[in-house]
Amino acid sequence: MEKVIVQKLSESEIEARGIRSWPVWNKEISRFDWTYSGDEECYIIDGEIVIETDNGNYQIKPGDFVTFKDGLKCVWDIKVPVKKYYNCP
C-alpha cells in the first residue's frame, strides 16, 4: 500500500471537505525525520517540499492534497517555507 498519496482537488472538493477550516501549520526551510502515528491529510498553501521515503521521493507544491498514511517514516526536506492546512482524522 502506498504511504504517500498526492492528489489535485477541485474547488468543490476542497469546499466539501471543509479544508479551509482546518488548522494551519507553518514551517521554515529545514530538514527533519518524521514518523506518522496515524493518517494525516494536508492541503499545501505555500512552499516546496521533498518527502523522502524508502519507496522514493515526492515533490510537493502549492495546490497538492497529500495523504500521509499511518506508520510512514520519512524525511521532510523543506526547500521553500511551507504553509498547509492539515487534518488528522
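**Ground rules**

I number residues from 1 along each chain as its sequence is written, and I leave out hydrogens and water, using heavy atoms for side-chain values. As the model is predicted, local features need pLDDT of at least 70 and side-chain atom pairs count only at pLDDT 80 or more, whereas totals for chains, interfaces and linings use all residues.

**Entry 1: aromatic pairs**

I looked up ring pairs, taking rings of Phe, Tyr and Trp (its six-membered ring) as paired if their centres lie within 6.5 Å, and calling planes under 30 degrees apart stacked, over 60 edge-to-face and the rest tilted. The count comes to 7 aromatic pairs. I noted W22 with F65, a tilted pair with 6.3 Å from centre to centre and 45° between the planes. W22 lies in the loop between α1 (11-17) and β2 (24-27) and F65 in strand β6 (residues 64-68), so this pair ties together parts that are 43 residues apart in sequence. For these element names, helices (H or I, at least four residues) and strands (E, at least two) are DSSP runs, numbered from the N terminus.

Buried means under 20% relative accessible area, exposed over 50%, and partly exposed in between (1.4 Å probe, protein chains only).

**Entry 2: W25 and its partners**

The rings of W25 and W76 have their centres 5.7 Å apart and their planes at 75°, so I recorded the pair as edge-to-face. W25 lies in strand β2 and W76 in strand β7 (residues 73-87), so the pair ties together parts that are 51 residues apart in sequence. W25 is partly exposed at 27% relative accessibility, while W76 is buried at 3%. I also found that ring pairs link W25, F32, W34, Y36, F68 and W76 into a cluster.

The charged end of K84 sits over the ring of W25, 4.8 Å from its centre; for this, NZ of Lys or CZ of Arg must be within 6 Å of the ring centre and within 35 degrees of the ring normal.

**Entry 3: cysteines**

How many disulfides are there? With a disulfide taken as a pair of cysteine sulfur atoms within 2.5 Å, I counted 0. The sulfur of C74 is 11 Å from the closest cysteine sulfur, in C42, which is too far for a bond, and C74 is buried at 6% relative accessible area. C88 is in no disulfide either, with the nearest cysteine sulfur, that of C42, 9.2 Å away; C88 is partly exposed at 49%.
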